[in-house]
Amino acid sequence: MLLAKRLPELGDLKGTIYDFEVVGDVLPKHVHTEENVHITIVARGRIKAYSHDWEKEAVAGQILDFRAGEPHEIMSLEDNTRIINIVKKMGGFVGQTDL
């Protein structure tokens, strides 16, 4: 089961902590706009991030930087994996939820 907890907003920054309880839990395919800068920090465990033409594995302590407009999905490769997604919207967020 995938659990999500939003972090308090800080100006142009939004963040969400995702806890993947078991191997194979998935953060479903999603995409960020060209105005967003999106990074994922692997806080604990191991993940595989993938899109239609690539896949990357990352372990605790690594950071992934996603290209704007590219659909991607993230799957846990270890139990009790945790990631932190940070999105920065240039010009601020106005009623938008795209994490």
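**Exercise 1. Determine which side chain makes a polar contact of 2.6 Å with the side chain of Arg82, and describe its surroundings.**

The side chain of Asp19 makes this polar contact with Arg82, at 2.6 Å, where the term denotes a pair of N or O atoms within 3.5 Å, of which, within protein, one must be able to donate a hydrogen and the other to accept it, residues adjacent in sequence counting only if both atoms are side-chain atoms. This is a predicted model, in which local features need pLDDT of at least 70 and side-chain atom pairs count only at pLDDT 80 or more, while totals for chains, interfaces and linings use all residues. Residues are numbered from 1 along each chain as its sequence is written, and side-chain values use heavy atoms, with hydrogens and water left out.

Next, the side chain of Asp19 also makes a polar contact with that of Arg44, at 3.3 Å. Asp19 belongs to strand 2 (residues 13–20), strands being DSSP runs of E with at least two residues, numbered from the N terminus. Finally, Asp19 has a relative accessible area of 18% and is therefore buried, the limit being under 20% with a 1.4 Å probe and protein chains only.

**Exercise 2. Identify how the rings of Trp54 and Phe66 are arranged.**

The ring centres lie 6.2 Å apart and the planes meet at 40 degrees, so the pair is tilted; rings of Phe, Tyr and Trp (its six-membered ring) pair if their centres lie within 6.5 Å, with planes under 30 degrees apart counting as stacked, over 60 as edge-to-face and the rest as tilted. Both Trp54 and Phe66 are buried.

Definitions and conventions: Buried means under 20% relative accessible area, exposed over 50%, partly exposed in between (1.4 Å probe, protein chains only). Helices (H or I, at least four residues) and strands (E, at least two) are DSSP runs, numbered from the N terminus.
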